[in-house]
Amino acid sequence: MVQVRVIEDGFDLTPLPLLLSTRAETPSLAVAQAEELASSVDSPSEGSEASEGDPEASLEDSEDEFEDENAKPENVPVVMQLHESATETLLHISGFCVATDFSGKAKVEERNAAYDAMVAGRASSDRYVIRHAQTLNHAQKDAEVMVQPPTTTSVGCESSVWDIYDANEAQSRALADQAEEDETVGAAGASSGRGKKSGGTQLSSLINAEMTKTVSEQVLLAQHAVKVLESRELAASLATMERCVQQNLFHHKQLQYRDHLSATEGAGGAALEGGEGEAVAAEPAEAAKAEEVVEGDHDEGAPGASLEMLWAWNAPMTRGRCVTAMSWNTVNEDVLAVGYGGFSYAAPKGGLVLFWSLRNPVYPERVLSLPSGCTAVDFSKNTPHLLAVGMHDGTVAIFNVRREEQGVLATPVLDSEHTPGKHMDPVWQVQWVDKGTERGESLVSISTDGRVVEWSMKKGLEESTLMVLKRVGDSEGVISRQASGLCFDFPHDDAAIYLAGTEDGLLHRCSCSYNEQYLETYAGHTGPVYRIRCSPFWAPAFLSCSADWTVKLWSQKDAAPAHSFHSVDLSDVVHDVAWSPHRSTIFASVAGDGRIEIWDLDQSTLDPVSKAGSTAVLFAKNAPVLVVGDATGNVTCYCIKGMAKNGPQTRAQQCDALRQAIYPEAKTDGKLDAAAK
């Protein structure tokens with residue numbers, strides 16, 4: 001029996017048994033082992049002495065020792081020494097908490113404080129959302145799908161002996177007639193009688209060939225014809241060919257649109273290449289009768305100022321509809337979106353938005369049909385393929401013009417038709433406003449229900465009310481204290497401030513972050529304000545037109561208008577006004593009697609150009625062109641000729657010219673900088 005003892009640093013750490021008898025035997029066992037060790041130490045010396053005196057005794061002793069060595073010892077203690085080895089880490093998972101006496105406690109508290117500050121700073125940001133992630137990966141699954149076999153149909157027919165005979169005879173006659181026709185065509189000097197016979201034979205062969213065609217062949221031919229006629233490739237080819245034909249017809253007009261004829265008109269078109277120059281040179285003489293050129297009063301600074309009609313965008317579908325809004329695309333500045341509305345209560349019509357292009361002045365590139373009359377349109381500045389549309393029933397819709405089905409835009413990407421906060425009255429203006437890189441671009445609309453609403457597209461079309469327009473002054477005896485909004489505009493350098501025009505004739509300066517009251521109120525009109533336009537050059541300046549027959553020029557720093565514009569013979573409403581994107585002192589207006597007036601604050605005013613019922617006006621961004629919409633559905637494109645081209649060039653010079661026109665006394669007194677501030 002072998003006993004194992006555990007000894008560490010000289011101390012016996014062997015576990016003792018629980019039985020008392022074993023504990024009692026343990027000391028005696030240790031004593032016996034000690035005596036045995038002592039006897040083993042003394043025995044070799046005695047044996048050696050015995051071996052020296054008696055050889056036989058030594059031999060016997062050696063044999064006894066050999067037997068003792070071969071015998072298995074019993075109760076021999078085994079001593080085990082325990083030593084501490086190096087620690088090897090197989091897996092370490094750091095905890096989320098540390099002890100209070102941890103040496104790096106200060107750094108942990110500092111990191112926690114920094115994280116709490118970052119979370120508190122992002123609490124108001126729309127881009128920061130706390131979400132949890134599921135890191136457990138589920139087991140893979142095998143999915144099998146079985147489909148039904150294609151359906152089959154058994155088709156059979158019966159034929160009699162005479163049916164087979166007639167079909168064989170018809171085929172034989174057709175082959176014989178074809179061979180005879182070939183011989184007749186190839187033979188020279190055939191007689192006239194034979195020619196008549198061959199003609200009759202050819203006609204009979206064609207009739208027989210048509211009779212032999214099966215119904216399936218005719219169906220396949222019809223399907224193939226429909227597929228070709230409805231293919232996108234054919235539509236694209238026809239559109240390209242149509243543009244080529246229209247370019248040949250309107251080539252001279254398009255050069256005038258681009259203002260490229262100014263250098264070639266003196267040479268009589270000699271700069272044009274090839275034989276096309278003759279056609280282009282002859283075209284103005286033929287089209288001079290149809291052109292509408294009206295010269296206005298001018299002075300030495302603007303000799304021969306006039307408007308020359310280039311073409312009119314119209315289509316059969318726009319008859320009976322009024323042009324309500326226009327907007328140029330921000331990337332392709334040759335594309336114009338025009339909104340049409342039919343607001344007759346006796347015979348109401350749906351709205352339209354047509355996309356006209358310079359490449360094809362005859363027919364629109366795309367057509368957008370609306371369930372209600374269109375009252376406002378505007379292209380997005382950051383995403384030019386998005387078009388915002390305001391409707392007469394209070395709906396605001398956003399369309400992706402890149403999605404089309406056979407040239408027709410089907411459904412909007414987003415709309416407010418079923419939104420709880422939609423407008424309850426017609427939406428008279430929509431405008432995209434860039435709020436910066438963090439907040440992106442949003443859509444703002446105004447309606448006669450008295451609300452200015454901002455629409456966000458981050459999670460669908462969500463609305464937030466910027467301002468509820470209220471009547472100013474004593475409102476006793478008034479049915480509603482809310483004022484009807486008709487128009488608004490944002491300055492080009494500040495997306496937090498906007499100007500709103502109301503049906504009461506007042507203009508209000510409002511803030512997007514404060515909707516309790518107006519920042520400023522401008523009183524000057526005695527009728528509804530139909531349009532507000534901020535200057536694209538100097539932000540404090542803005543124009544307004546009204547039903548009181550006037551156009552007024554304002555500065556945000558003054559409560560009274562700086563200038564008021566009204567023609568002596570004008571006695572009708574002014575529908576729209578627009579700034580020129582090329583000259584800071586030029587703007588245009590259209591009135592209800594059809595006249596178009598172009599005003600130059602530096603030099604002169606052109607006489608009105610007669611036209612039936614003008615309702616909207618807009619300057620082209622890339623050419624000296626003015627587009628005007630009327631109540632009959634026509635959008636006429638005019639070329640502005642004779643205007644002074646030696647005006648200010650830089651933006652700072654444009655701003656100085658406009659400030660000098662608004663504050664002429666500051667220019668004479670040398671206080672122009674103070675007026676600008």
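Let's start with Phe490, which counts as buried at 7% relative accessibility (buried is under 20% relative accessible area, exposed over 50% and partly exposed in between, using a 1.4 Å probe and protein chains only). This is a predicted model, so local features need pLDDT of at least 70 and side-chain atom pairs count only at pLDDT 80 or more, while totals for chains, interfaces and linings use all residues. Residues are numbered from 1 along each chain as its sequence is written, and side-chain values use heavy atoms, with hydrogens and water left out.

**Aromatic pairs**

- The structure holds 14 aromatic pairs (rings of Phe, Tyr and Trp, the last by its six-membered ring, with centres within 6.5 Å; planes under 30 degrees apart are stacked, over 60 edge-to-face, the rest tilted).
- One of them joins Phe490 to Tyr498: the pair is tilted, at 5.4 Å centre to centre with 40° between the planes.
- Tyr498 is buried too, with a relative accessible area of 0%.
- Tyr522 and Phe542 make an edge-to-face pair, because their planes sit at 65°, with the ring centres 5.7 Å apart.
- That pair ties together distant parts of the chain, with Tyr522 in strand 22 (residues 520-523) and Phe542 in strand 24 (residues 541-546), 20 residues apart. Strands here are DSSP runs of E, at least two residues long, numbered from the N terminus.
- Tyr522 and Phe542 are both buried.
- Elsewhere, ring pairs link Phe250, Tyr257, Trp311, Trp313 and Trp356 into a cluster.

- Strand 29 (residues 596-600) is mostly covered, with 5 of its 5 residues buried.
- Both of its faces are covered: one side carries Ile596, Ile598 and Asp600, the other Glu597 and Trp599, and all are buried.
- Strand 28 (residues 586-591) pairs with strand 29 in the antiparallel sense over 5 bridges (pairing takes at least two DSSP bridges between two strands).
- Across that pairing, Ile586 stands opposite Asp600.
- The two strands form a hairpin with 4 residues between them, and Gly594 in the turn has a positive phi of about 100°.

- Strand 17 (residues 451-456) is mostly covered, with 5 of its 6 residues buried.
- Strand 16 (residues 441-447) pairs with strand 17 in the antiparallel sense over 4 bridges, and Ile446 stands opposite Val452.
- Their hairpin has 3 residues between the strands, with Gly450 at a positive phi near 90°.
- Strand 17 also pairs with strand 18 (residues 462-468), again antiparallel, over 6 bridges; here Ser456 stands opposite Glu462.
- This hairpin has 5 residues between strand 17 and strand 18, and Gly460 in the turn has a positive phi of about 80°.
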